[in-house]
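Trainee: Could you please guide me through a close look at a single part of this structure, and at what surrounds that part?

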There are 2 protein chains.
Amino acid sequence: MATDRRAGTGTNQEAVRRHNLGTLLRHVHRAEQVSRAELTSVMGLNRSTIAGLVGELESLGVIERGVPAGGRRGAGRPSAGVALTDQGPYVIAVDLGVDRVSVARIGLGGTVQQRNRAPIEGVAEAWQVGSSVATLIRGVVEDAPASAPLVGIGISVPGLIRRSDGLVRLAPNLEWHDVSFGSIVLAALGLDVPISLANDADLGALAEHERGVGVGVDDLIYVSGNVGVGAGVISAGRRLEGAGGYAGEVGHLRFNPAGKPCHCGNRGCWETEVGAHAIAAAIRCPEDKVPQLGEVLDSFTEPTKELRVIGGHLGSGLASIVNAFNPQMVVLGGYFRALYTLVGAEVNRGLAERALPAPLESVTLSLPGLADDSVLFGAAEIAFEPLFVDPVAALGTALVDVRSRLAG
Amino acid sequence: MATDRRAGTGTNQEAVRRHNLGTLLRHVHRAEQVSRAELTSVMGLNRSTIAGLVGELESLGVIERGVPAGGRRGAGRPSAGVALTDQGPYVIAVDLGVDRVSVARIGLGGTVQQRNRAPIEGVAEAWQVGSSVATLIRGVVEDAPASAPLVGIGISVPGLIRRSDGLVRLAPNLEWHDVSFGSIVLAALGLDVPISLANDADLGALAEHERGVGVGVDDLIYVSGNVGVGAGVISAGRRLEGAGGYAGEVGHLRFNPAGKPCHCGNRGCWETEVGAHAIAAAIRCPEDKVPQLGEVLDSFTEPTKELRVIGGHLGSGLASIVNAFNPQMVVLGGYFRALYTLVGAEVNRGLAERALPAPLESVTLSLPGLADDSVLFGAAEIAFEPLFVDPVAALGTALVDVRSRLAG
DNA sequence: GCCTTTCGTTCATCCGAACAACCAAATCCC
DNA sequence: GGGATTTGGTTGTTCGGATGAACGAAAGGC
């Protein structure tokens, strides 16, 4: 079972049921459409046990019988499909970007049921952004079935989030310090639901691991190029968080001690070479378009000499990451996606030059499989998480008829 | 239960028993002397369940009733102690150092029952080292009780070890490439027992986490200064291995692109500034004493100017590690222990200058709690590991009467 | 159209954790 | 010092839930 941070605990029998129920639901969530036969083989449990678990989840209204999913071809009775219900649980995913905020209502299976977005004008106060987010949330729950339970809200923030309580320690672009953004959003909504915050790169990694290019890859790193540079690390299939939750801050790795000054107070951080401002300067992109650096880069058909150099720096810095974490896959998110499309050769070369042979041979660089929605899906995943740890408890505390509650 | 790499599995009832039996034994192993009452509270199981588990382990000959361990003071019947038996299972731990190899017979609880060491002369062939290790092993099992089962052999290697099969991909000091050292040792012994190999820094981290300064610290990094520089990472209480098992290779982090050439083919790796050869050059230590750099540094009473600079570099590099992994504790092993004792102030300053405030505030630098034996104890831990995953199975396959088998 | 294969369903079984009752061994307190 | 109290080991029972066998259902293969 999923030993969380607290290890050394014994397993009692309720925990077994919780765990099995949760992992079964997790499998359905991942595959969206599974057969019971697949579940028995994947989970290593008996047919009748699976039947019991499926029955319980059916009575909870989470799943229903699906079409006899044509997974296997051959003789034998086809296995009954397990499908997600329309009125099933959903979450609210919030992606706080640099210049815009995206909100989506996402159901089990990762289906976006409704989405909405709004720009963020310049540097905004937390309460302003919070009320904007609240408005967007009201929008996306409008058409939600009244009986469908809201499991929680997941918020991606481009900054350092304290693991213990979700406090935003630092969000450089937003100029936030120690902001309890979760409480702000809940206050603006007038609701009390489970709310989780996490770093954008961490969520990108999670989403790409769950439903992107990294499915089946248990050691992957999502390197996010936003205005800042950060990384989310999945190791052995779980998120690498670190003691405070700040793991993966690779933007300030020492890159060139004789380099440019960085806003962190040092000189020659990696970010000063491959950060958005550095790239913008190299391609003479006006400052106000920096938040849309990805699109700006997309408009290039040929890489410039400056971009090639930056590509090499990107690869060279990735080499440090590959050496340190030994991932099987590195997903290049944010504007790195566009950059890699342009100067992939230089990135690969920079990586190959500096990485050690052993970790190098098992790593591949990839583009995100979820395009620009990685982070949003990641936010949905952390919000769903309690449901997979204990479905019965999570559904018990979930909120029904959210629309009318929000109206009041 | 301890989900290994394979996630998504259901829990059946045998697994529950295995897990509970294993974690109970792990607790006894960690504490050496626990009361049953402590076990009930730590493991969250019922008194009678603990009694059943303890009974089973007693009948396996692993533990026995101990003195009524005086943990709690106050009213009430004192809880019976659970102690380890003399004839209980043991492992062989091997620490392959730069210039010497240490071998120990270690029992549950981490008690060194017998130990032995031999020098390694210059660059040695793997088979030579293998037969030397085999001889040392024969030595340390000499006085082992005939009925005590040998669970396995754990070997620490200063190099890159492939996780899947324990192949030594690269051991720079020994000049080994792709050496199946485990098979070599087993062949030299004429035995077939479970054998595990791992990187020395990884094992240092494990040992300091289990029984050193890092007890209770779930996110720690052991930075090992041997001839090369490497790190072992414990995150959320488990070893960070990476896809191939090479995670933590921080010696070749990019430190100063204009720096000295490194044996890895690049320029300015961190190792070129804080590696043994760099330090030896700075203090004019003769080349042949480099393997004993720790003792050489211990003989200093005052730090030289050169050492202060190196201390700063050490701290500066640690900052990258702290940013990337966000550990709660960094343990400075190998000659870094002596170096930190000399120039701790400079190390701290270098770290504080370059690390981000958030990860910095929760990290502390420490000296190893197990002195020079961290790695050796780590080797014991990985050898014991199967015993805590499934005690019954591990004892079933364990080897009894090893001495006479080795004689034949 | 029958055999084979695979799977859902049902029921009995079994394993092991939990619970309750009882007894044992210490401290506390008058 | 002796009962009250508190804590914990022991024992027998209960109960939850995974398992296994038996049977029927739904497909493909010939």
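Mentor: In this predicted model, L318(B) touches V223(B), W270(B), V330(B), L332(B), V347(B), L351(B) and L365(B), leaving aside residues up to four places away in sequence. The largest nonpolar core has 94 residues, and L318(B) is among the members that touch the most others, together with V223(A), L318(A) and V223(B). In soluble globular proteins, nonpolar side chains tend to be buried together.

Let us turn to the contact between the chains. Here 62 residues of chain B meet 61 residues of chain A, and about 5,200 Å² is buried between them, 48% of it on carbon and sulfur atoms. Across this interface there are 30 residue pairs in polar contact, both residues being at pLDDT 80 or more. On the side of chain B that touches chain A, the elements giving two or more residues include helix 10 (305–325), helix 11 (335–354) and helix 12 (357–361) of chain B. By class, that side of chain B has 23 nonpolar, 24 polar and 15 charged residues.

Between chain B and chain A there are two salt bridges. In one of them, R169(A) and E361(B) meet through their side chains (2.4 Å, N to O); R169(A) lies in strand 9 (residues 168–171) of chain A, and E361(B) in helix 12 of chain B. R169(A) counts as buried because its relative accessibility is 14%, under 20%, whereas E361(B), at 52%, is exposed. R169(A) and E361(B) also belong to a network of salt bridges with D178(A). R169(B) forms a salt bridge with E361(A), with the closest N and O atoms 2.5 Å apart.

Key: Residues are numbered from 1 along each chain as its sequence is written. Chains are lettered from A and ligands numbered from 1 in the order in which they are written. This is a predicted model: local features need pLDDT of at least 70, side-chain atom pairs count only at pLDDT 80 or more; totals for chains, interfaces and linings use all residues. Side-chain values use heavy atoms; hydrogens and water are left out. A nonpolar core is a set of buried Ala, Val, Leu, Ile, Met, Phe, Trp, Tyr and Cys residues joined through side-chain atoms within 4.5 Å. Buried means under 20% relative accessible area, exposed over 50%, partly exposed in between (1.4 Å probe, protein chains only). Contact means heavy atoms within 4.5 Å. Buried area is the accessible area (1.4 Å probe) that two parts lose on being put together, summed over both. A salt bridge is a side-chain nitrogen of Lys or Arg within 4 Å of a carboxyl oxygen of Asp or Glu. A polar contact is a pair of N or O atoms within 3.5 Å; within protein, one must be able to donate a hydrogen and the other to accept it, and residues adjacent in sequence count only if both atoms are side-chain atoms. Helices (H or I, at least four residues) and strands (E, at least two) are DSSP runs, numbered from the N terminus. Ala, Val, Leu, Ile, Met, Phe, Trp, Tyr, Cys and Pro count as nonpolar, Asp, Glu, Lys and Arg as charged, and the others, Gly among them, as polar.
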